[in-house]
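Colleague: I have a model open and would like to learn how to read it. Could you walk me through it, one feature at a time?

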Amino acid sequence: MAIPIAILDCDLLLHGRGHKTLDRFDLDSVSDDFLLTQFGFPREFILYLVEILRESLCRRTQRSRAISPEVQVLAALGFYTSGSFQTSMGDTIGISQASMSRCVSHVTQALVEKEALFITFNKDPASRQQTIEEFQRVSGFPGVLGVLDCVQVTIKAPNSEDSSYVNKKGFHSVGCQLVCNARGLLLSAETHWPGGLKDTEVLERSALHKTMQDVQEGWLLGDRRYPLRKWLMTPVDEPESPAELSYNLAHTATHEIVDRTFRAIQTRFRCLDGAKGYLQYSPERSSSILLACCVLHNASLQSGLDAWTLERTAPMEQPESHQQRPEDRDAQAEATRQELITKHFS
């Protein structure tokens, strides 16, 4: 069925690019390859996205000549996957650059409102058990509920003299704490942290930290930047036995899933790829765009797309070890890890 997308921008109608404006964008008239190239997703997923966001997008654009939900979704996908408001993209769907910007804002907010629908931590026993079994098939590491990491997304410097967004590498960023399962599905995504915070500070302040306090069985896996906790297994700093070495190898192979997942997200959503430039927005809006891309990542996985189809290969950054103070030692966590090593890796 053809989906009519009318040009409804007054500025484009009055001051358009010559007379080459489009009256209609017919999805049926273009190939799947065209949609994948221009908007990053297949036809079926685009139509699905329009339907789940339609109510929110219509509510946000109640002007008599409002831009349709179809156009808004295409404009936002074009931006997320290219990282720019190029004139050619506006020409493709028949709206101005200014209208593209408004569409991205509307779709971003609509996706953020859908976060709880698509990003949820395993709470029921059956889901937890399935997650544990899937992780164990990766490298034999038992009891894993998710793999944890905190990544940085480059943004423009805020107008204020706020240095909290300057990270340890000296550029401005927002921090995003992610947890995913063995299939690359995000179980938690907290995208609003100033880039200057240490990963341990983000974790201690996060909603995830509160959630994990109530977990009685199983654990997350975190790298050396994190402190060892009963619910957070980290590598052994200096393995001294074959069992400890086997534990570390299994830990690394399993934890790598979260690194692969974020590399794939950056590859699909080029607006997040610092190598292509940086988000030209305030920290708050940049955080919303990042969360919207996380929601899209999960929605696409749940619709049958592969998590790592577009994975970009890049060397993994070696994390610095967490400098644990004597008062921060968790004897119960150390005993849990040692029991795990003895029972499963000896």
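Modeller: Gladly! Let us begin with burial: a residue is called buried when its relative accessible area is under 20%. Keep in mind that this is a predicted model. Take Q177, which is found in strand β2.

Colleague: Is Q177 buried or exposed, and why?

Modeller: Q177 counts as buried because its relative accessibility is 0%. For the chain overall, buried residues make up 50% of the 346 residues.

Colleague: Which residues is Q177 in contact with, leaving aside neighbours within four places in sequence?

Modeller: Its contacts include L148, D149 and C150, as well as S188, A189 and E190. V202, L203, S206 and L208 are also among them.

Colleague: How should I read the strands here?

Modeller: Start with a general idea: side chains in a regular strand alternate between the two faces of the sheet. In this chain there are five strands, along with 13 helices.

Colleague: Which strands does β1 pair with, and in which sense?

Modeller: β1 and strand β2 (residues 173–180) run antiparallel and are joined by eight bridges. Within that pairing, D149 stands opposite L178 in β2. With strand β4 (residues 219–221), β1 pairs in the parallel sense over three bridges. Here V147 stands opposite L221 in β4.

Colleague: Where is T254, and what does T254 touch?

Modeller: T254 sits in helix α11, which covers residues 242–268. T254 counts as buried because its relative accessibility is 0%.

Colleague: And how do I read contacts for the whole chain?

Modeller: Look at how far apart in sequence the partners are. Among contacts between residues at least 6 apart, 68% join residues at least 24 apart. As for the surface, the chain exposes about 16,800 Å², with carbon and sulfur atoms supplying 49% of it.

How values were computed
Residues are numbered from 1 along each chain as its sequence is written. This is a predicted model: local features need pLDDT of at least 70, side-chain atom pairs count only at pLDDT 80 or more; totals for chains, interfaces and linings use all residues. Side-chain values use heavy atoms; hydrogens and water are left out. Helices (H or I, at least four residues) and strands (E, at least two) are DSSP runs, numbered from the N terminus. Buried means under 20% relative accessible area, exposed over 50%, partly exposed in between (1.4 Å probe, protein chains only). Contact means heavy atoms within 4.5 Å. Accessible areas come from the Shrake-Rupley method with a 1.4 Å probe; for residues, only the protein chains shown count as cover. Two strands pair if DSSP finds at least two bridges between them.
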